[in-house]
Amino acid sequence: MTMTRISRRSLITGLGALGASGALAACGGGPAGSATPNEVSFANWSDNFADLYTQSLDAYEAQSGVTVVRQADVPFDDYQTRFRTLLSGGQPPGLMRLNDDFVREMTDKEQLADLGERISGLSEEEYFADVAAFTALESGQGGLPIGSSPRVLFYNKTMLQEAGITPPSSWVPDQWQWDDVLAAAQEVTGGDRYGICLWTDTGFENTFAVNNGGPGIFSADGTSFTLADPAGIEAIQWVVDLTLKHKVQPTWAYLTGEDADLRLFTAGNLGMFFGTMGLATYMRENVTDFEWDVAPMPAKVEQRQEGSLSVFVVPRESADVDRGWELLQWMVGRESGSIFAEAGAFIPLHREAAALVEKTSTQGENMALFAEAAGYQTTVNSTRATAQAVQLYRPQLERAYIGEISVEEALTSVRAQVERVIG
Amino acid sequence: MSGPRSSVSSADMSVLTEPTASAVARPERRRQRRRAALQGWAFVAPLVIGIAVFQAYPLLVSLWASFHSWDGFTTPTWIGLDNFTAMPADELLVNSVKITLLFTLGSIPLTVVLALLLAVLCNRGGRISSSFFRTAYFTPYVTSIVAISLVFTQFFAPEGVINQVLGLVGIDGPEWLADSTFALVAVIVVAVWQGVGYPMVILLSGLQAIPKELYEAADVDGASPPARFLRITLPLLTPQLFFVLITQFILSFQIFGVVFVMTSGGPGNATSVFIYYVFQNAFSFGQLGYASAMAWAMFLFIVALTVIQLRLQKKWVFYA
């Protein structure tokens with residue numbers, strides 16, 4: 001046997017060629033969107049419930065024999081740009097999460113598979129049809145919310161009881177008006193303590209505008225910026241005045257700190273704050289020095305809450321739309337819904353699973369209120385450019401939050417611009 | 001037949017008919033040259049392919065996109081120069097250019113003066129102390145801007161370290177990142193702190209290249225330290241200062257990371273710099289065509305100003 005001697009130069013040349021071909025190969029398509037017959041890919045952003053998603057997907061794999069190829073989760077903010085590259089890159093996953101702000105834009109741009117016919121086969125008795133209807137648009141229905149995280153007022157029960165205040169435990173408007181909440185906040189504010197915090201969760205914009213009798217941030221047809229209507233302006237100004245006028249809410253600057261409201265609350269220095277159901281788990285783990293509970297949103301003209309929807313969609317360009325749909329069906333089903341409900345993560349789309357939420361109360365907190373809140377759900381009317389609209393009006397609102405201008409000045413100054421992009 | 005050719009001897013004929021050693025070697029040399037050329041191309045191929053695929057191709061696509069209305073999803077539509085002509089009427093774009101110019105005006109003088117001061121101090125120190133400070137000041141430059149910005153976000157919080165220190169001397173610090181005036185100041189401070197190391201090293205190298213004899217001669221002539229600095233150091237440092245100014249100018253127009261992490265362009269649009277607005281258009285608003293046009297407009301603007309600076313350098317840069 002003869003051996004060919006390889007010169008150092010030849011070896012390096014070969015390695016160079018290998019590197020070059022490697023660089024070229026790296027430009028080729030990856031396995032992200034491709035699906036072998038027994039695979040479906042899945043993309044999500046990272047949140048507090050990553051373990052629950054893992055449980056659900058593991059259970060699906062065991063039940064179906066299909067492998068779920070899970071792309072690495074990225075933080076929420078990063079995902080808001082990443083979804084565009086996932087969809088436009090040509091190889092999107094079989095099932096992916098999508099911020100509810102973008103559902104209409106992506107459906108209108110025909111980026112999502114139209115699952116309308118398949119979804120219409122789901123039983124309305126088994127599922128919350130009004131929540132599922134969020135994704136049903138004129139241009140198609142590309143996915144479903146697997147659940148909703150209602151927003152309520154979390155409150156420091158010990159602090160409020162000491163002040164002789166007992167918030168209502170059910171969604172009855174006469175018991176709990178905006179002025180009642182303000183009075184309660186004033187009662188417990190003092191020293192390092194603040195009575196209330198509403199504005200770190202941006203869901204307050206729509207919730208308070210709707211409860212003040214307006215249509216919310218956008219009109220029903222998605223072409224008008226109705227937050228700039230009198231009802232919207234008055235609602236937001238009321239929230240801003242909690243800080244600037246009544247001094248019962250921390251300043252905007254303070255609240256821009258990471259989880260500032262949560263830290264203030266768990267330290268026992270905040271009476272009430274506006275948050276989603278998902279925070280109940282955090283409360284159970286972190287609140288040790290006092291009792292806490294949840295109360296309904298205060299009423300004015302309406303008493304609604306904007307629940308945060310966990311929407312999953314099947315991209316049209318996905319390698320396997322059928323497998324994506326099958327996985328979505330699993331995630332909105334009873335078994336998967338139970339995983340999330342039993343952990344108190346959100347109210348699943350499946351009614352039977354949703355009933356399990358009440359049993360998650362471990363410290364006597366009123367978890368049944370979340371299920372009740374789901375019946376008073378309002379959603380932001382979708383537009384074809386919601387993200388861009390938000391980027392236009394929110395910077396101006398920030399100026400109102402810090403008292404540079406009034407809410408009316410802030411919202412009316414950008415109304416034309418916002419309506420130009422959504423109109 | 002008689003003539004010159006008939007006079008060629010048989011020995012000479014053999015030279016003509018049989019290949020010489022050099023003639024034999026020629027094809028071999030060509031082969032070797034070809035092989036060497038191929039090897040050379042193989043060596044540079046990864047880099048050339050990398051540049052072509054990851055830089056040249058995206059640049060060309062971006063140039064193409066700048067003449068189209070394109071959201072990344074739907075079919076691009078040719079709109080000629082519309083993306084460019086729409087820019088002057090875009091209030092947010094005009095605002096972002098103003099903010100970027102303010103940032104440039106605030107950060108460049110600070111960076112250059114601070115870098116020069118630090119370079120002079122490092123140049124004067126002993127070998128160990130000089131190495132230590134050089135490393136210390138250069139470290140932020142090679143540290144993740146995200147990590148730095150996150151830390152400074154805490155420092156600039158209403159009850160953060162900076163306001164606590166100000167409180168010690170009786171100053172009630174502002175709400176830095178939530179105040180339209182002070183948010184940009186905070187961004188400039190962080191950008192300068194992070195970026196001062198690089199120009200410092202460049203200027204330090206310039207200082208170390210100045211011949212000692214010039215200072216010795218100045219000493220003999222009785223020149224004071226300020227005079228030595230103004231008459232010797234500064235003129236001989238102008239090539240490095242010019243380089244620093246050009247690079248800092250370009251970098252200041254590309255500021256993004258600090259703004260993205262610390263303020264997201266807020267409050268209001270008080271820190272919405274140009275590149276942040278380009279990013280928003282491309283990846284939040286889905287206006288890839290318009291964002292590309294803005295990026296190319298900025299490129300042309302920077303090229304124009306750099307050319308002007310290159311022309312002006314003849315008046316103040318002294319090449320020894």
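Mentor: Let us begin with strand β9 (residues 308-313) of chain A, which is mostly covered, since six of its six residues are buried. This is a predicted model, in which local features need pLDDT of at least 70, side-chain atom pairs count only at pLDDT 80 or more, and totals for chains, interfaces and linings use all residues. Residues are numbered from 1 along each chain as its sequence is written, and chains are lettered from A and ligands numbered from 1 in the order in which they are written.

Trainee: What makes a residue buried, exposed or partly exposed?

Mentor: A residue is buried if 20 or more other C-beta atoms, placed from the backbone, lie within 10 Å of its own, exposed if 12 or fewer do, and partly exposed in between. In β9(A), S308(A), S310(A) and F312(A) point one way, L309(A), V311(A) and V313(A) point the other way, and all are buried. In a regular strand the side chains alternate between the two faces of the sheet.

Trainee: Which strands pair with β9(A), and in what sense?

Mentor: Two strands pair if DSSP finds at least two bridges between them; strands themselves are DSSP runs of E with at least two residues, helices are runs of H or I with at least four, and both are numbered from the N terminus. Strand β3 (residues 95-97) of chain A meets that condition, pairing with β9(A) in the antiparallel sense over two bridges. Here R97(A) has F312(A) as its bridge partner. Strand β4 (residues 143-149) of chain A is joined to β9(A) by six bridges, and the two run antiparallel; in this pair G147(A) stands opposite S310(A).

Trainee: Why are β6 (194-197) and β8 (292-295) of chain A said to stand at the edges of their sheet?

Mentor: Four strands form an open sheet of mixed pairing, in the order β6-β7-β5-β8 (chain A). β6 and β8 of chain A each have a single partner strand, so one side of each is left without a neighbour in the sheet. Within the sheet, strand β5 (residues 151-156) and strand β7 (residues 270-276) of chain A pair in the antiparallel sense over five bridges. One facing pair there is F154(A) and F273(A), the latter in β7(A). Helix α8 (residues 178-188) of chain A packs on the sheet, touching β6 and β7 of chain A, and its direction makes about 140 degrees with that of β6(A). Such angles run from 0 to 180 degrees between N-to-C directions, with axes fitted to C-alpha atoms, for helices over the stretch in contact.

Trainee: Why is K247(A) called partly exposed?

Mentor: K247(A) has 15 C-beta neighbours inside 10 Å, so it counts as partly exposed. It lies in the loop between α10 (230-244) and α11 of chain A, and has a positive phi of about 60 degrees although it is not a glycine. Most residues other than glycine have a negative phi, and most peptide bonds are trans.

Trainee: How do you know that chain B is more spread out than a compact globule?

Mentor: Chain B has 14 helices and two strands. Its radius of gyration is 30 Å, well over the 20 Å that the globule rule gives for 320 residues, so chain B is more spread out than a compact globule. The radius is taken over C-alpha atoms, and the rule is 2.2 Å times the number of residues to the power 0.38. Buried residues make up 28% of the 320 residues in chain B.

Trainee: How many residues of chain A and chain B are in contact with each other?

Mentor: Residues are in contact if their C-beta atoms, placed from the backbone, lie within 7 Å. On that basis, 30 residues of chain A are in contact with 28 residues of chain B. α1(A) gives the most to this side of chain A, with eight residues.

Terms used
Contact = placed C-beta atoms within 7 Å.
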